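Work through these exercises with the structure open beside you. Try each task before reading its solution.

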Amino acid sequence: MGPQGAGMTKRTRNIVLIACGLASAGSFAVFVATGMYPYTRFKSEETAAVNAETSLTAMFDDTGLDEGEGEMEQVANVTAIGFLPSGPGRASISVMSITGPALVVAGVVILVSRRQAKNKQSA
Amino acid sequence: MRQHFQRFLAASIAGVVLAAAGTSALGTGLVDESALVASMTAAGPIAKAAASGKSLVPHKEHVGKGTMYHALTERDAQIYFVSDAPLEKIKGQSNRVIGYVIAGSSGSPASLVGGEWHLPVASMKTGIRKRDEHMRSKDWLNESAYPDIVFQLKKVSDVSLEKESDAFATYKGTLVGDMTIHGVTNPVSVKGARITFMPQSKATASIAAGDLMAIRAKFSVTLSEYGVDNGIIGGKVAEVIEIDTRLYMSTVKPEDQPKQKKGE
C-alpha cells in the first residue's frame with residue numbers, strides 16, 4: 001500500500017470512529033432527553049385511554065375519597081429510547097443496541113489500522 | 001493480538017445479542033408448585049361474567065341482600081400497581097375491572113355485605129408490550145390458566161364516617177375478603193379503605209347513571225404467597241407488589257350506562 005492508500009485508510013478510520021462516536025453519543029443524548037427509562041417504550045392509544053380521566057374522578061375530588069392517599073399514579077405514556085431494548089422490531093432500538101455495535105466497529109477499525117501500520121513498518 | 005481481538009469481538013457481540021434479545025424485566029423462571037399448594041385456602045365459588053363481559057352475575061346469596069353497585073369498567077384507571085425492585089421499578093395499570101358490591105343497611109351503607117371483583121390479567125399494562133407478554137406467561141401470572149385476579153369481599157369492619165355533605169358521605173373501614181391470584185387464594189385485610197356514596201343527582205346524572213359509589217384502597221401482595229416464585233423476583237421484580245385501587249361503581253350496570261366520551 002502506497003502513501004496515498006495509507007492516507008485513505010487513516011481518513012476512513014477517522015470517519016468511521018467519528019460516526020461510531022456520534023451514534024453512541026446521540027443515542028445517549030436521546031436516552032437522557034426522553035427521561036432515562038431503563039427500557040425503550042412507545043406511546044400507545046391503550047395507555048392513553050386508561051390515563052384519560054372522565055369526569056368521574058373530578059366528581060369525587062372533594063369527597064375525602066383520596067384523603068391521605070393523594071391522586072392515583074399513572075403509567076407514563078411516552079416514547080423513549082431506553083438504556084436497554086424492550087423487544088424485537090423498533091423496540092430493539094436502545095443505547096445498548098446502538099453503542100454496542102458501534103464499539104465493535106470502532107474496535108475492528110482501530111485494530112485493522114494498527115495492523116496495517118505494523119505491516120508498513122516491517123516492510 | 002489476534003486472540004485478544006477475537007475475544008473482544010466475541011464478548012461485544014454476545015453483549016449486544018443479549019441486550020437485543022429483549023432482556024426486559026420479566027424473564028423466565030420457575031413456579032414453585034409446592035408453595036402454591038401450601039398457601040392455598042378454600043376459595044368460594046367464583047362469579048361468572050355477564051354476556052356483555054362488563055359486569056358479573058351476582059352470587060345467589062348476595063341477591064336481595066341490599067343495594068347492588070356495579071364497577072364502572074373501561075372508564076377511569078381502576079388499578080395501579082408498582083414493583084419497586086433494586087434493579088427496576090415497574091408500574092402498571094388497568095381500567096378493566098368488573099364486579100359488584102352489596103351495600104349495607106341505610107343506617108350503615110359502608111358496612112358492605114359482600115361483593116366480588118375480577119381484574120383480567122390480560123388488561124394489566126406496564127407500558128412495554130414484551131414485558132406485558134412475560135407477565136401473562138406461564139412463568140408469571142399464567143393468564144391462560146388463571147385469566148382473572150379475583151377479590152371476594154366478605155365484610156367491611158371498623159367502619160367510621162369521615163366526611164359528609166348533602167351530596168355524599170365518605171366512610172373509612174377495613175375490607176376483609178379473599179384474594180385469588182395465579183389460582184391461589186389467601187385471606188386479605190385492607191385497612192384504611194375509603195368508601196364514598198353519592199346518590200344520583202342532576203350533577204351525577206350527566207356523568208354516570210344511577211346512585212354512585214367509590215372505593216379507594218391501598219394494599220400489598222406478596223408474590224410467593226400466591227405461588228409466583230421466580231428467579232428474577234428480588235432483583236428486577238419486587239417480592240411485594242404495591243397496589244392502589246380506585247373503583248367507581250353505580251347501581252346501573254356499565255352495559256346499561258349511556259355512552260360516555262373520555263374527557264366529558
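**Exercise 1.** Describe the polar contacts between chain A and chain B, and find which elements of chain A take part in the interface.

Solution. This is a predicted model.
- Step 1: across the interface of chain A and chain B, 15 residue pairs are in polar contact, both residues at pLDDT 80 or more.
- Step 2: on the side of chain A that touches chain B, the elements giving two or more residues are α2 (45–51), α3 (55–59) and α4 (95–122).
- Step 3: α4(A) supplies the largest share, nine residues.
- Step 4: sorted by class, this side of chain A has 21 nonpolar, 14 polar and 10 charged residues.

**Exercise 2.** Where do B:Arg246 and A:Asp66 lie, and why does their pair join two chains?

Solution.
- Step 1: the closest N and O atoms of B:Arg246 and A:Asp66 are 2.8 Å apart, and the two form a salt bridge.
- Step 2: B:Arg246 sits in strand β10 (residues 240–250) of chain B, while A:Asp66 sits in the loop between α3 and α4 of chain A, so the pair joins two chains.
- Step 3: both B:Arg246 and A:Asp66 are buried.

**Exercise 3.** Are B:Asp178 and B:Lys154 buried or partly exposed?

Solution.
- Step 1: a salt bridge links the side chains of B:Asp178 and B:Lys154 (3.5 Å, N to O).
- Step 2: B:Asp178 is in strand β7 (residues 169–181) and B:Lys154 in strand β6 (residues 148–164) of chain B, 24 residues apart.
- Step 3: buried means under 20% relative accessible area. B:Asp178 has 12%, so B:Asp178 is buried.
- Step 4: B:Lys154 has 43%, so B:Lys154 is partly exposed.

Note on methods. Residues numbered from 1 in each chain as written. Chains lettered and ligands numbered in written order. Predicted model: local features only at pLDDT ≥ 70, side-chain atom pairs only at ≥ 80, totals over all residues. Heavy atoms only, no water. Polar contact = N/O pair within 3.5 Å; in protein donor to acceptor, adjacent residues only side chain to side chain. Helix = DSSP H or I, 4+ residues; strand = E, 2+ residues; numbered from the N terminus. Nonpolar A, V, L, I, M, F, W, Y, C, P; charged D, E, K, R; others polar. Salt bridge = Lys/Arg side-chain N within 4 Å of Asp/Glu carboxyl O. Buried < 20%, exposed > 50% of the residue type's maximum accessible area, 1.4 Å probe, protein only.
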